[in-house]
Amino acid sequence: MSLLEALVATVILAVLLGGVFAFLVSARDHFESVTIESDLRDRSRIVMDFICTELRQASAATIEINDSPTTLAGSKIAFKKAIGYAGGALQVGPVNAFTWVLAPEETLVGVDDDADGVLDEGYIRYSDGIGDRDLNDNCSSLLEGEVEDTVDNNGNGAADERGLFFQRKTNVANSIVAEVIVRLTLIKRDRFRRVIYETSSEAAVTFRNP
Ligand SMILES: [Ca+2]
Ligand SMILES: [Ca+2]
Ligand SMILES: [Ca+2]
Ligand SMILES: [Ca+2]
């Protein structure tokens, strides 16, 4: 074999190996992204189920959105659970709440403080009347489809709503009815923090206790 033939053979081998390597990297990235997406969907389902299960036990009369019994929509819902009847009157427990909270590393609003490519990410705080428990998920600053521009980009009736968002319903007479819509957008980054994955869900909860 001449030197030239050896050189050509080496180049061909290098090209082939390069192709195999690129294929393996892309297969690994694809596997990782599929895994992250399915983890995120599972987690979203668990969080949504938890919120709805807790809310279903609420006494409808105790519901407050953003600390007001008449506010129709917001990123905080407070409620008291119905715990039984005594002397014909419904008894309720302490105040429980779900609240969207800005992540501790995101101190300035409008600035990506931790430079991870996600602006003002938050999480969900659950207060059970005894203490606060932080659900360990990144909850998006804005619900899917929204951009910060005071316009309702995703057409759900609210502008620039948070990734955790509660909406009460009213009847034709404009009275609040015993139902709330829960909307949730969770986000997750890949390990290089290059790609942000996002998943959204919504559910309606009807309050059976007065
Ligand atoms: Ca920030
Ligand atoms: Ca950030
Ligand atoms: Ca909206
Ligand atoms: Ca908007």
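In the hairpin formed by strand 7 and strand 8, with five residues between the strands, Asn 174 adopts a positive phi near 70°. The structure is a predicted model, in which local features need pLDDT of at least 70 and side-chain atom pairs count only at pLDDT 80 or more, while totals for chains, interfaces and linings use all residues. Residues are numbered from 1 along each chain as its sequence is written, and chains are lettered from A and ligands numbered from 1 in the order in which they are written.

**Overall architecture**

The protein chain contains one helix and nine strands; helices (H or I, at least four residues) and strands (E, at least two) are DSSP runs, numbered from the N terminus. Along the sequence, the pattern is α-β-β-β-β-β-β-β-β-β. The protein chain has a radius of gyration of 24 Å, whereas a compact globule of 210 residues would have one near 17 Å. This radius is taken over C-alpha atoms, and the globule rule is 2.2 Å times the number of residues to the power 0.38. The C-alpha trace spans about 100 × 35 × 35 Å along its principal axes.

Of the 210 residues, 23% count as buried. A residue is buried if 20 or more other C-beta atoms lie within 10 Å of its own, exposed if 12 or fewer, and partly exposed in between, with C-beta atoms placed from the backbone. Among contacts with a separation of 6 or more, 46% are made by residues 24 or more positions apart; a contact requires C-beta atoms, placed from the backbone, to lie within 7 Å.

**Strand pairing**

Two strands pair if DSSP finds at least two bridges between them.

| Strands | Bridges | Facing residues |
|---|---|---|
| Strand 1 (residues 64–65) and strand 3 (residues 76–86) | two bridges | Glu 64 and Ala 78 |
| Strand 3 and strand 4 (residues 89–102) | nine bridges | Ala 86 and Ala 89 |
| Strand 2 and strand 7 | two bridges | Ala 73 and Gln 167 |
| Strand 7 and strand 8 (residues 176–189) | six bridges | Arg 168 and Val 180 |

The hairpin of strand 3 and strand 4 has two residues between the strands, and Gly 87 takes a positive phi near 60° there.

**Positive phi in loops**

Most residues other than glycine have a negative phi. Asp 67 belongs to the loop between strand 1 and strand 2 (73–74). Asp 67 is exposed because 10 other C-beta atoms lie within 10 Å.

Thr 150 is also a residue other than glycine with a positive phi, near 60°. Its position is in the loop between strand 6 (132–139) and strand 7 (164–170). Thr 150 has 7 C-beta neighbours inside 10 Å and therefore counts as exposed.

**Surroundings of Val 205**

Val 205 is located in strand 9 (residues 196–206). Its 19 C-beta neighbours inside 10 Å are why Val 205 counts as partly exposed. Leaving aside residues up to four places away in sequence, Val 205 touches Cys 52, Leu 55, Arg 56, Glu 179, Val 180 and Val 182. One of these, Val 180 in strand 8, stands opposite Arg 168. The C-alpha atoms of Val 205 and Glu 32 are separated by 34 Å, and the two residues are 173 residues apart along the chain.

Key:
Contact = placed C-beta atoms within 7 Å.
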